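The following paragraphs lead the reader through one protein model. Please keep the sequence and the structure in view while reading.

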Amino acid sequence: MSANSDLQGAILGLGNPLLDISADVPLEVLEKYDVALNNACLAEEKHLALYPELVENYPVQYIAGGATQNSIRVAQWMLREPGFTSYMGAVGSDDFAQTLEDSAAKDGVLVHYMKNESVATGTCAVLINGGERSLVANLAAANTFAPSHLETEAAKNIIDRAKIYYSAGFFLTVSVESLLTVAKHANDNSKIFCMNLAAPFIIDFFGDQLASCMPYADFVFANESEAAAYGKKHGYGEDISTIALKLAAEPKASGTRPRVVVFTQGSESTLVACGGKVTEYAVEPLSKELLVDTNGAGDAFVGGFLAQLAKEQSLAECVRAGHFASRVVIQRSGCSFPEHCQFE
């Protein structure tokens with residue numbers, strides 16, 4: 001995949017497109033809506049008043065979001081030339097959907113949204129306090145993605161062209177069938193399928209859905225809290241390195257390549273498990289004064305990693321790119337980045 005022509009459409013993301021409504025809020029707001037810092041959840045009845053409250057009472061930023069879409073946007077930014085990435089998910093037929101589409105086009109990502117005229121585009125409240133964040137996702141239209149969308153001519157062309165497929169675990173709440181269609185295509189054609197554990201609630205409450213896709217996963221990403229939740233759920237103990245090794249050793253549908261498990265730990269070292277061995281990669285320290293917002297840090301890491309994976313670089317280089325992208329994003333508000341990527 002070294003030639004630029006080979007990178008056209010190389011990475012495809014499948015996920016929940018959401019417009020982030022981001023604001024700095026006091027702890028009282030998190031307490032009012034029973035939301036914990038450094039966590040993510042799906043909106044329930046008790047959370048619905050949160051969205052208008054943010055817009056009315058705080059200076060908000062609207063940022064193209066959704067975990068998978070964030071990663072794809074970052075990968076595209078790292079790869080520099082338009083058209084190297086594509087993305088699918090469901091949106092409404094409203095202004096928020098247009099904002100998402102315009103943002104993706106500006107970033108150079110080819111989007112092929114499934115549009116639902118009867119449901120609003122999904123939103124995600126991003127509550128920031130002291131540089132840390134909590135996410136409350138109201139999926140709305142994102143929840144209506146159907147496998148039939150993958151049967152369109154445009155979707156088939158995008159799927160066929162891609163070499164790497166990525167989805168955050170949040171999509172498991174929407175359409176496991178769609179994810180399995182893409183995962184099996186990757187498996188049958190010796191391509192690469194990647195997943196992210198996404199959040200502890202995915203592991204705890206969507207374990208069966210996750211288990212159905214895991215045999216196809218060539219790369220699995222998670223942060224330390226998600227890794228701990230997975231270890232607890234599967235009886236792998238509490239040691240993060242051990243959990244990584246055991247997850248890497250779980251059965252795979254294809255023996256073409258060994259599974260690689262990547263656990264990030266914020267400012268602590270990143271762990272990579274593969275072939276019965278764990279390698280530790282140090283994270284360059286960042287002064288606390290430079291930290292703006294951790295929202296999108298994990299998504300950015302995956303985007304940087306996938307960009308180098310598409311260029312067939314070493315795991316060490318993929319991790320270095322992930323650390324670079326994450327470091328850039330946490331010094332800005334939301335999952336955003338400067339116009340030009342300075343990664344070398």
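**A guided reading of the model**

Glycine 65 counts as buried, at 0% relative accessibility; buried means under 20% relative accessible area, exposed over 50%, and partly exposed in between, with a 1.4 Å probe and protein chains only. The model is predicted, so that local features need pLDDT of at least 70 and side-chain atom pairs count only at pLDDT 80 or more, whereas totals for chains, interfaces and linings use all residues. Residues are numbered from 1 along each chain as its sequence is written, and side-chain values use heavy atoms, with hydrogens and water left out.

Glycine 65 belongs to strand β4, residues 61-65. Helices (H or I, at least four residues) and strands (E, at least two) are DSSP runs numbered from the N terminus. Leaving out residues up to four places away in sequence, glycine 65 touches Asn16, Pro17, Leu18, Leu19, Asp20, Asn70 and Leu100, where contact means heavy atoms within 4.5 Å. Leucine 290 lies 225 residues from glycine 65 along the chain, and the C-alpha atoms of the two are separated by 22 Å.

The overall architecture comes next. The protein has 13 helices and 16 strands. Its radius of gyration is 19 Å, close to the 20 Å that the globule rule gives for 344 residues, so the protein is as compact as a globular protein of that length. The radius is taken over C-alpha atoms, and the rule is 2.2 Å times the number of residues to the power 0.38. Along the principal axes, the C-alpha atoms fill a box of roughly 55 × 45 × 40 Å. Of the 344 residues, 56% are buried. Among contacts between residues at least 6 apart in sequence, 73% join residues at least 24 apart.

The accessible surface comes to about 14200 Å², and carbon and sulfur atoms account for 50% of it; accessible areas come from the Shrake-Rupley method with a 1.4 Å probe, and for residues only the protein chains shown count as cover. The protein carries 24 positive and 41 negative charges, whose mean positions are 7 Å apart. Lys and Arg count as positive and Asp and Glu as negative, while His and the chain ends are not counted. Each charge is placed at NZ of Lys, CZ of Arg, CG of Asp or CD of Glu.

Two strand residues may now be considered. Isoleucine 11 is part of strand β1, residues 11-14, and is buried at 0% relative accessibility. Beyond four places in sequence, the residues touched by isoleucine 11 include Ile72, Phe84, Ile164 and Leu306. The side chain of serine 167 reaches the backbone oxygen of leucine 14 at 2.7 Å. Leu14 is also among the contacts of serine 167, together with Thr68, Leu179, Cys194, Met195 and Asn196, residues up to four places away not being counted.

Attention then turns to the helices. Aspartate 107 lies in helix α5, residues 95-107, and is buried with a relative accessible area of 18%. Its side chain makes a polar contact with the side chain of arginine 73 at 2.7 Å; such a contact is a pair of N or O atoms within 3.5 Å, and within protein one must be able to donate a hydrogen and the other to accept it, residues adjacent in sequence counting only if both atoms are side-chain atoms. Apart from neighbours within four places, aspartate 107 is in contact with Arg73, Gln76 and Phe337.

In helix α10, residues 224-234, the buried residues are Glu226, Ala227, Ala229, Tyr230 and Gly231. Their cover includes strands β12, β13 and β14 and helices α8, α9 and α11. Glycine 235 follows α10 and has a positive phi, near 70°.

Most residues other than glycine have a negative phi. Arginine 80, however, has a positive phi near 75°. This arginine 80 is found in the loop between α4 and β5 and is partly exposed, with a relative accessible area of 44%. Alanine 198, likewise not a glycine, has a positive phi of about 75°. Alanine 198 occupies the loop between β12 and α8 and is buried, with a relative accessible area of 11%.
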